[in-house]
Amino acid sequence: MGSFNTSFGEGFILVGFSDWPQLEPILFIYIALFYSLTLFGNTTIIILSRLDPRLHTPMYFFLCHLSFLDLCYTTSTVPQLLINLSGLDRTISYAGCVAQLFIYLSLAGTECVLLVVMAFDRYAAVCRPLHYTTIMNPLLCQSLAIAAWVGGLMNSLIQTSLMMAMPLCGLHYLNHFFCEMLVLQKLACEDTGGTEAKMFVARVIIIVIPAALILGSYAHIAQAVLRIKSMAGRRKAFGTCGSHLFVVCLFYGSGMYTYLQPLGSYSESKGKFVALFYTVIIPMLNPLIYTLRNKDVKGALWKVLGRGRSSG
């Protein structure tokens, strides 16, 4: 039962869903399908946002970043999960595990901050419509996007460094389908209450504070919408913000359930299925949520498809 995290030669075995062998083929089919839809949907949004001049606005600039983020976020875990489900290889090296943890935490943290930036964009659009283009100028948009990526990177550096400092003991089995931080924490050899407290504070900062800022911005948005007299205006405002708020509820809801509970209460079996939700389902749903009721994106898609047919 000696510590082993100082040796990069020793790795882990990812248990994944091998506890439910009858479920693995079904999960493989559905996750492969969802991953394909994620790649297609998010790539489509990025391409359309670049090709159509009508989508050269702050909202779609940030949506492009979210789509690229989701592509990276889901790719950091899903391909390995598919290999795991096929039974070809369930191992991961210690260095690979640390790299996956760092990338995953960085991308998740970036999304937490980016959703705040998108909420601020909606606040400016609804509450300050006459000054919107002045407020959300290209320089500010680029600065906010960079701040989101840097914020996620810094959060990951802190949490990954704290995780690597923990001595790990016992069997090299991780009861998960990727190197989830909470599962690694459960392998700690000794009392790491101080380190766990620091990591919990870091998670509160990256999850709870952004969620509170988003709720605050939407409280102001709701007040502004209720002051709009025309039903058409209200409907347009709710349509503009509703999709973003739905994404926020899905993302932060699953994140809070997983990362804000005490380590002793964390169930690895339940955690695997919740993790499927925020690593597979949400990145697939984001393009659908943002485009199903969006006339601009639908128009851009038909325009591109029309060009393709005419050129053919």
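In this report a residue counts as buried when its relative accessible area is under 20%, as exposed when that area is over 50%, and as partly exposed in between, with a 1.4 Å probe and protein chains only. By that scale Asp-19, at 45% relative accessibility, is partly exposed.

The model is predicted, so that local features need pLDDT of at least 70 and side-chain atom pairs count only at pLDDT 80 or more, while totals for chains, interfaces and linings use all residues. Residues are numbered from 1 along each chain as its sequence is written, and side-chain values use heavy atoms, with hydrogens and water left out.

**Salt bridges**

A salt bridge is taken here as a side-chain nitrogen of Lys or Arg within 4 Å of a carboxyl oxygen of Asp or Glu, and a search of the whole structure finds four of them. In one of these, the side chains of Lys-272 and Asp-19 meet with an N to O distance of 3.7 Å. This pair links distant parts of the chain, since Lys-272 lies in helix 10 and Asp-19 in the loop between strand 1 (12-14) and helix 1, 253 residues apart. Helices (H or I, at least four residues) and strands (E, at least two) are DSSP runs, numbered from the N terminus. Lys-272 has 0% relative accessibility and therefore counts as buried.

Asp-52 and Arg-54 also meet in a salt bridge, at 3.1 Å from N to O; Asp-52 counts as buried at 3% relative accessibility, whereas Arg-54, at 44%, counts as partly exposed. In the salt bridge of Arg-122 with Asp-121, the closest N and O atoms are 2.7 Å apart, and both residues are buried.

**Helix packing**

For the pairs below, axes are lines fitted to C-alpha atoms, for helices over the stretch in contact, and angles run from 0 to 180 degrees between N-to-C directions. Angles under 35 degrees count as roughly parallel, over 145 as roughly antiparallel, 65 to 115 as roughly perpendicular and the rest as oblique.

| Helix pair | Angle | Axis separation |
|---|---|---|
| Helix 1 (residues 24-51) and helix 10 (residues 268-291) | about 40 degrees | 9 Å |
| Helix 2 (residues 58-75) and helix 6 (residues 138-164) | about 25 degrees | 10 Å |
| Helix 6 and helix 8 (residues 193-226) | about 165 degrees | 10 Å |

Helix 1 is thus oblique to helix 10. Contact, meaning heavy atoms within 4.5 Å, is made here by residues including Leu-27, Ile-31 and Phe-34 of helix 1 and Leu-276, Val-280 and Ile-281 of helix 10. By class, the contact of helix 1 with helix 10 has 11 nonpolar, four polar and no charged residues, where Ala, Val, Leu, Ile, Met, Phe, Trp, Tyr, Cys and Pro count as nonpolar, Asp, Glu, Lys and Arg as charged, and the others, Gly among them, as polar.

Helix 2 and helix 6 are roughly parallel to each other. Pro-58, Phe-61, Phe-62, His-65, Phe-68 and Leu-69 in helix 2 meet Cys-141, Gln-142, Leu-144, Ala-145 and Trp-149 in helix 6, and these residues divide into nine nonpolar, two polar and no charged.

Helix 6 and helix 8, by contrast, are roughly antiparallel to each other. Among the residues that meet are Gly-151 and Asn-155 in helix 6 and Lys-198 and Arg-203 in helix 8, and the contact has five nonpolar, four polar and two charged residues.

**A buried asparagine**

Asn-84 lies in helix 3 (residues 78-86) and is buried, with a relative accessible area of 1%. Not counting residues up to four places away in sequence, Asn-84 touches Leu-14, Val-15, Gly-16, Glu-24, Asp-89 and Arg-90.
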